[in-house]
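Trainee: Please take one part of this predicted model and go through it closely. I would like the strand pairing, then the charged contacts around it.

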Amino acid sequence: MEGCRVWVRTGLVTASILITEDRIARIARHVSEDAGETLRADGLVAFPGMIDAHVHLRDMDLSYKEDFTTGTAAAAAGGFTTVLDMPNTLPPTDSATRLIEKIEEARGKILTNVGFHAAAVPDSAEMSQMSRLGAYSLKLYMPRPISPIDIQDDKTILTLLQSSKESDLPVTVHGEDQDLIHHLGNKETESFVSLAKTRPEQAELHSVNRVLRLAAKTDCNVHLSHLTLPSSIIAARKYQHATTEVTPHHVLLSEEAIKRKKWKAWMIPPLRSESVRKNLLTMLSKGLVTMVASDHAPHTIKEKSGAIAASPPGVPGLETTLPLMLTLVTRRVLSMSLLIPLLSSNPASVFNLPGKGILEKGFDADIVLVDLKRKTRIRPEHFHSKAKYSPFENMRVQGQVHTTLVGGTVVFQDGEIVGKPGSGRIVRRGIRG
């Protein structure tokens, strides 16, 4: 790979990258070895392949929403070379057997590296088996558990956290207290604004504080997903074994977007007030957040645009996250030196992805080439995902993914998927592929 600037630990350097057997063999201004095939990357910047620790690839009985091929195509188009899939699928990933089934289902379809989170389960033996299979975390969904758990019983949660520590598995938490979520009937749900109001800020903060309080008794590693409140970030920073995540939509959009975009801006946790959004973005810009994730959650437009009370929450994000975040760099809201770790080395560290997240000799040749000067508009109709809608529709962004390489192989280039389904790899926690 020649002619580009390369993002290394110290910043941007003009260099070539030599790739041998799916790993980076050398990064230098000139590579004298016989390089075989050469990829010209003039005018582009090479970044580590981005890592999204929070995606919903659907598939199986939900393949009408998204499947492993379209989901990883969206990832590649968005500059993500590794994605970690959530377990609230149909059937759910709540046992070793189902995790194996999901791995086998994905194997012949994926275009990028794919790993799997598993559902939090009360059975410690099952937990250990899923850990041995390479699960990246146990997902504890506080509003409505994926696997039957008495979510309101502290002793139950404490036991689960202790077992996860013993199984060497972090716990990924969706923090919203089910007792503080208001449930409206169809007649009461008059708008998406009223629907969003059913999930107040207190539901998140109460749940986050509760999990952190219990985790402190076990020293269990907890990862707090899609936090929307600065107060949640502050609480997490007081516990040394907690990591945090925010999404582009929560730092860039406020509840005003729900009024304008309606179902296109309906997700959970919901968008907050403008003042909360600004403060969350400030915390991100100050380096107080561990990572950025898309929470890519595709649905059909028919489902989303139907009856308000039945509209499933979630928006696609794999193809918008990187350009949105790079635009913040262009506007000098974020620094590049902060952004790139948020999307690469930080998630690699938190979820134990050896060999990923950094461009350096010996690391995997997962690379994204970006045109930092290219200005475009977000056009959902051009998404590779099946979910062709976005709350960011028509927004101007600067920074476009040109080429994505997974293990040294080009899978996306100049707007087109060029890799073959099945060329991606299943990755397992702590294991170098």
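Mentor: Strand E4 (residues 45-48) pairs with strand E14 (residues 367-377) in the antiparallel sense, over 4 bridges. Pairing here requires at least two DSSP bridges between two strands. Strands (E, at least two residues) and helices (H or I, at least four) are DSSP runs, numbered from the N terminus. The model is predicted, so local features need pLDDT of at least 70 and side-chain atom pairs count only at pLDDT 80 or more, while totals for chains, interfaces and linings use all residues. Residues are numbered from 1 along each chain as its sequence is written, and side-chain values use heavy atoms, with hydrogens and water left out.

Look at valine 45. Its bridge partner in E14 is valine 370. Valine 45 also stands opposite arginine 5. That contact belongs to another pairing: strand E1 (residues 4-8) runs parallel to E4, over 2 bridges. So E4 pairs with E1 in the parallel sense and with E14 in the antiparallel sense.

Now step back along the chain from E14. Aspartate 364 and arginine 23 form a side-chain salt bridge, at 3.8 Å from N to O. The rule asks for a side-chain nitrogen of Lys or Arg within 4 Å of a carboxyl oxygen of Asp or Glu. The two residues sit in distant parts of the chain, 341 residues apart. Arginine 23 is in strand E3 (residues 23-28). Aspartate 364 is in the loop between helix H14 (345-350) and E14.

How accessible is arginine 23? Its relative accessible area is 30%, which makes arginine 23 partly exposed. Aspartate 364 counts as buried, at 8%. The cut-offs are under 20% for buried and over 50% for exposed, with partly exposed in between (1.4 Å probe, protein chains only).

For comparison, take a salt bridge elsewhere. Glutamate 176 meets arginine 199, with the closest N and O atoms 3.1 Å apart. Glutamate 176 is in the loop between strand E10 and helix H5 (192-197), and arginine 199 is in the loop between H5 and helix H6 (201-215), so the contact ties together parts 23 residues apart in sequence. Glutamate 176 and arginine 199 are buried.

By the salt-bridge rule, the count comes to 24.
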